[in-house]
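Please look through the model below before reading on. The text after it goes from the whole chain down to single residues.

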Amino acid sequence: MNSTKPRILLCACGLTPQVVTETLYVLLREGGESVPDEVHILTTDTGRRIVQNKLYGAASPMTDLCREFGAADRVRRGMDMVHVLGGTTPLEDIRTTGDNARAGECIFELVRDLVSRSQSLHVSLAGGRKTMGFLLGTALQLLGREQDDLSHVLVAAPFESKPDFFYPPRNVQEYTFQSRETGEWYTLPASAARIELARLPLIRLGDRLELPRTAPDGGFDEAVATARRAVEVPMVTLDLAARTLQVGKRATQLTALEAAVYHAMLDATLSRCRAGATPGNCRWCFTEPRTLPMDLILADVAAAYGQYSSQYERVREQLSNLRDVGGWFRQKRTAINAKLQALPQGHVAFIASHRQYGNSSYGVCLPRNRITIHRPE
Ligand SMILES: [Zn+2]
């Protein structure tokens, strides 16, 4: 971690810039590493004008707040850190699928840029449209590191909807409100102005996915595709006629005997596996080599070569004279796993091993709905 890089706060902001001061107020109150060095705001074009008037105008609650915590010089802020959705051709709202895609790219690029030049990034979703918040959260999920955070500011009613409330300054003892129902005026003490940050659950994939750090090498859609590949179990397809084993989109060529052996593994998985939705090592689907269904393996080889072929005859002889079934199986396993190793997602289909009481058993522990077997016509 580079300690000269700033800690950055990024706030989504719609038409109520109060969420920015309220969020910053909690972080200043927490102190220490929570205090940002820079406050960035993501908003629409209309939102930008409101931020300019209400946060950074002649009266600046942002500056007042920072001063109150003795952080006026430390926390860098201002209109140069206000980012308008859509950039040079601003998006006022997200109304078409085109707007939606552009908003996604714009948000992804902003988060990528802020991640790359910050020591830590804290994203606040309190303001702006739901879509904006969702896209921001997703972008941070894809790019976020261990030290990054996602939060939502919670402000006690009726302060939440008070237009001139930005944070509770120390010199204000009480606040005046007008009841919506009766129209009567009433006061609340400053202690009633409770503001809290709710930290939101964030799966930080940034360190794991290692996405390209610069724009031309892939945007939001590619990042999502990369994440999907990393978390979703690909389909494993064994084609007995073609003798191919396909994992996801890529296939490898097996010999007839390797295909038959792998078929036996998958049959065991389909009939006994208890792994459920995630691949693993449930071991219910594992088989000891001496209990392999040799007759079925031979039947596959016969179907591949023809029962009267010399190839089939050679395999049949080899299998009927096996002295060391375990050694023979391990050779087949090594060959199959080496071919799988060459496929991008091949590791999910490896024949795994488990050793207990001196006996080894083997299996392909996969969810049943991720297995397809094509049998010859
Ligand atoms: Zn299993």
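The model is predicted. The secondary structure of the protein chain amounts to 11 helices and 14 strands. Its radius of gyration is 31 Å, whereas the globule rule gives 21 Å for 377 residues; the value is well over that figure, so the chain is more spread out than a compact globule.

The domain assignment divides the protein chain into domain 1 (7-231) and domain 2 (236-374). Between the C-alpha centres of domain 1 and domain 2 there is a distance of 53 Å. Of the 377 residues of the chain, 33% count as buried. Among contacts with a separation of 6 or more, 70% join residues 24 or more positions apart.

Next come the nonpolar cores. In soluble globular proteins, nonpolar side chains tend to be buried together. The largest nonpolar core here has 54 residues, and Val-111, Leu-136 and Ala-139 have the most contacts inside it. Setting aside residues up to four places away in sequence, Leu-136 touches Ala-12, Ile-107, Val-111, Val-123 and Leu-125. Another core, of 31 residues, lies apart from it; Leu-238, Leu-245, Tyr-262 and Ala-275 are among its members.

Which strands pair with S9, and in what sense? Strand S10 (residues 244-247) is joined to S9 by 4 bridges and runs antiparallel to it. Val-236 has Val-247 as its bridge partner in S10. The two strands, S9 and S10, form a hairpin with 4 residues between them, and Arg-243 in the turn has a positive phi of about 55 degrees. Strand S14 (residues 371-374) also pairs with S9 over 4 bridges, but in the parallel sense. In S14, His-374 is the bridge partner of Asp-239.

Helix H2 (residues 45-54) has its own division into sides. Which residues of H2 are buried? They are Gly-47, Arg-48, Val-51 and Lys-54. These residues cover an arc of only 150 degrees around the axis, which puts them on the same side of H2. An α-helix has 3.6 residues a turn, so residues three or four places apart point the same way. On the other side of H2, Arg-49 and Asn-53 are exposed. The buried residues of H2 pack against two strands, S2 (38-43) and S3 (82-84).

The last stop is Gly-326, which belongs to helix H11 (residues 325-341). Why does Gly-326 count as partly exposed? Gly-326 has 14 C-beta neighbours inside 10 Å, so it falls in the partly exposed class, which lies between the limits of 20 or more for buried and 12 or fewer for exposed. Leaving out neighbours within four places in sequence, Gly-326 is in contact with Pro-289 and Ser-360. Ser-360 is 34 residues away from Gly-326 in sequence, while the C-alpha atoms of Gly-326 and Ser-360 are 8.4 Å apart in space.

Methods
Residues are numbered from 1 along each chain as its sequence is written. This is a predicted model: local features need pLDDT of at least 70, side-chain atom pairs count only at pLDDT 80 or more; totals for chains, interfaces and linings use all residues. Domain bounds come from an automatic or database domain assignment. Two strands pair if DSSP finds at least two bridges between them. A nonpolar core is a set of buried Ala, Val, Leu, Ile, Met, Phe, Trp, Tyr and Cys residues joined through C-beta atoms within 7 Å. Two residues are in contact if their C-beta atoms, placed from the backbone, lie within 7 Å. The radius of gyration is taken over C-alpha atoms; the globule rule is 2.2 Å times the number of residues to the power 0.38. The arc is that of the directions from the helix axis to the C-beta atoms.
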